[in-house]
Amino acid sequence: MQLSSYQTQGFYDEVFDAQCKARPEARLLLEAIESLQDGELLRCQQAAETLLLQMGITFNVYGDSAGTERIFPFDLIPRIVRAEEWNWIERGLKQRIHALNEFIDDIYHDQRILKDKVIPEEVIRSAAFYRPQCRGINPPGRVWCHITGTDLVRHSDGQIYVLEDNLRVPSGVSYVLENRDLMKRTFPRVFAGLQVRPVDIYPSKLLETLQAIAPPRALDNPCVVLLTPGMYNSAYFEHSFLAQRMGIPLVEGRDLVVQDGGVSMRTTKGLRRVDVIYRRLDDDFLDPQTFRPDSLLGVPGLVDVYRAGRVSLANAPGNGVADDKVVYSYVPEMIRYYEGADPILSNVPTFLCWRDQDRQHVLQNLDKLVVKSANESGGYGMLVGPHSTAAQREEFATKIAATPRNYIAQPTLALSRVPTLVEDHLEGRHVDLRPYILYGREIFVLPGGLTRVALRPGSLVVNSSQGGGSKDTWVLAPAIEGGKNEQ
Amino acid sequence: MSNESSALLSRAADAVYWMARYIERAENVARFIDVNLHLQLDLPLEPAHQWQPLIDTSGDAELFRERRGAAEKEQVIDFLVCDAHNPNAICNCLRAARENARSVREIISSEMWEQVNSMYLKTESQRALAESDRLREFLRNIRLDAHMFQGITDATMSHNEAWQFLRLGRQLERADKTSRILDVKYFMLLPSAHVVGTPYDDIHWSAVLKSVSGFEMYRKKHGRITPRSIVDFLVLDREFPRAIRHCLRMADESLHAITGTPMGSCEYPSERSLAPLRAELDYIPVERIMSQGLHEYLDALQARMNTIDDNLRLDFFGSAPLTPLVMAGGVL
């Protein structure tokens, strides 16, 4: 396959440098691609997609009565991350997660950070995912964010920025593991040559994390379950995948019952006590007695048991307060406040529309900025200025004027690109990177992550609901210096 | 050893049980159609009503009359293979089996899930075959895929509680289907029962045996084809895997493995309904069945098997809304 026609078009490319020469860490991969016959890569790609369908690695499309299932499009060309860069990302993520956890614990207890006026109290009180019901709760080990999927992007300046923290119910890790599986089948030789760090360890680490947060009485042999909204949820594949890999029961709300101050599941032998629940259900649906009363998916009384410390929940309800994009803009201050250090990973500069000065700037520059709703995700409620129409900008100007607290704006980042198979050749497509971080007794960062790719030419939106796909992420092991390689 | 996390959810037990039943059901419907097609080639001058018994076997005669009227060949095949409104059509059975499998993917092995999934996807993409002269190939594929599923199940899944529920479902469904095909064929053959031994009769009874893959095994054991020996073989044989007695023996073993009750004693209502039936088949002479009337006997047998199913629901599956009904009827 010929690569000579590939153009970086002035974007930062993860595989080629500015002179269109292969970056050192990508050479082996490119050699392997070049040695393939014409059409071979396309054939591998199609084989991979058939395999995904057969293995039932699909997501459900909402609002489709025929129950359509689609595969999450997968591209064979991986993103490669150098060992030194990964070390730096890992340190940055650990620092950030630690600070965010301190912040959440503080917000639901003394609120020192508000009293010290580092963050305006009003910002928290108006945050959509702030849960006053969680005030005073002490989750085991004071950990609130057990599983996080931080979104990172690289701008044309070559720097990596944190775009979102995704503390609530992050998904996608199953694709990291499945993509790797597919890649091993497709490029075994490259794998062996490059020393790609394994990701298979994730389910064991996740189980360890969940067991570590069990209520004290159950620490010996805790019963851990995964709570799913059910098989029609778009992420159901991931729920069953993780339950299977951890060997724990996959339960629905109707399988659980609160009785005698504890939570139990209905089994063929009667009720069995449950100690830890990895819930893949938003706060709102967890417990109709505490949150949304119309929820049929949750377990009535669950939060009371949780508050009493008789069952542990991961993630802890209420941690979404830090997912608010206005709160996000204060994370660098949080890190300085709680960690006494400068942030290792940068935030994207953010304009807060409730500040008069910021708002004026945003309204005057709608065609250059990306405007986001403070509390939406999945690529919804968003305006990409340079790609927008006058009517769309008008619509957002009205919305911003009406509820300025709900909108933030950021410069339009030129996300880095990775060569991606388009028909029979490679073209650059924009990507982001979502690493997964676990926090039980200590913080663990999975060496890898989900590289999401915007498959539409020129598009900057990588979400699966908006035409996004995924790639494998190869984190390289540090160079071996006479010693044994890291496991 | 009882590890708390190895406990089986009631909902999951229900789902594996029905997954197995639906696959077994799809396989049996494929068998019934196939054997009739075969028969048609041997007896091309048979009257058209030859296809009615197939509808009676499936237990959906009323629904069929409502939707299709007279039992013409094409109508019957279409109704049994892919009619969206017939919950027991092959395509719907496979869909329901897959939906149930999907809800217990963490309990069954990946290989099992992939087999159910690809069986479903293949059948969906091959529907056109069913309307062509490659129908028999289509039916053969269903049968082979179902066998492969069983092989994969027994070879890749621990023979744990969930597996016992799976086997329980498979065996009860199989016993039910064997009783139905025997009942219907016998009923149809009644007019000719007094001319036993004619070539006509021989071909029909051979067809019954072939529909349960029992022709060769029957020959080895009984030789000459007589209605009495066939009833003996399909109802009371201890070793033939589709004989009702054999199926219920397996089902009973699974049920006791689930409950932990020693064989020969009963604690749960489901055990109380299964054990006497199994014991009866161990001792009843075939002459008693014949003198009582085969149809009457099989009718009562089916009713008793339905009671077992009801009791299983009460004993283990809880009163949660039943997935199989929703799956089979409600998805379209």
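**Domains of chain B**

In this predicted model, the domain assignment divides chain B into domain 1 (8–157) and domain 2 (158–318). The centres of domain 1 of chain B and domain 2 of chain B, taken over C-alpha atoms, are separated by 20 Å.

*Contact between the domains*

- The contact draws 27 residues from domain 1 of chain B and 25 residues from domain 2 of chain B.
- On the side of domain 1 of chain B that touches domain 2 of chain B, the elements giving two or more residues are H1 and helix H2 (52–58) of chain B.
- H1(B) gives the most to that side, with 18 residues.
- The residues of that side comprise 14 nonpolar, six polar and seven charged.

*Nonpolar core*

- The largest nonpolar core has 227 residues, of which Val16(B), Ala26(B) and Ile90(B) touch the most other members.
- Helix H1 (residues 10–42) of chain B supplies the largest share of this core, 16 residues.
- Not counting residues up to four places away in sequence, Val16(B) touches Val104(B), Ile107(B), Ile108(B), Ala162(B), Phe165(B) and Leu166(B).

*Sheet in chain A*

- An open sheet of four strands in chain A has the order E8-E7-E12-E13, with parallel pairing.
- Strand E8 (250–251) and strand E13 (312–314) of chain A are the edge strands, each pairing on one side only.
- Strand E7 (residues 224–227) of chain A runs parallel to E8(A) and is joined to that strand by two bridges.
- Leu227(A) stands opposite Val251(A) in E8(A).

Key. Residues numbered from 1 in each chain as written. Chains lettered and ligands numbered in written order. Predicted model: local features only at pLDDT ≥ 70, side-chain atom pairs only at ≥ 80, totals over all residues. Pairing = 2+ DSSP bridges. Core = buried A, V, L, I, M, F, W, Y, C linked by C-beta atoms within 7 Å. Buried ≥ 20, exposed ≤ 12 C-beta atoms within 10 Å, placed from the backbone. Contact = placed C-beta atoms within 7 Å. Domains from an automatic or database assignment. Nonpolar A, V, L, I, M, F, W, Y, C, P; charged D, E, K, R; others polar.
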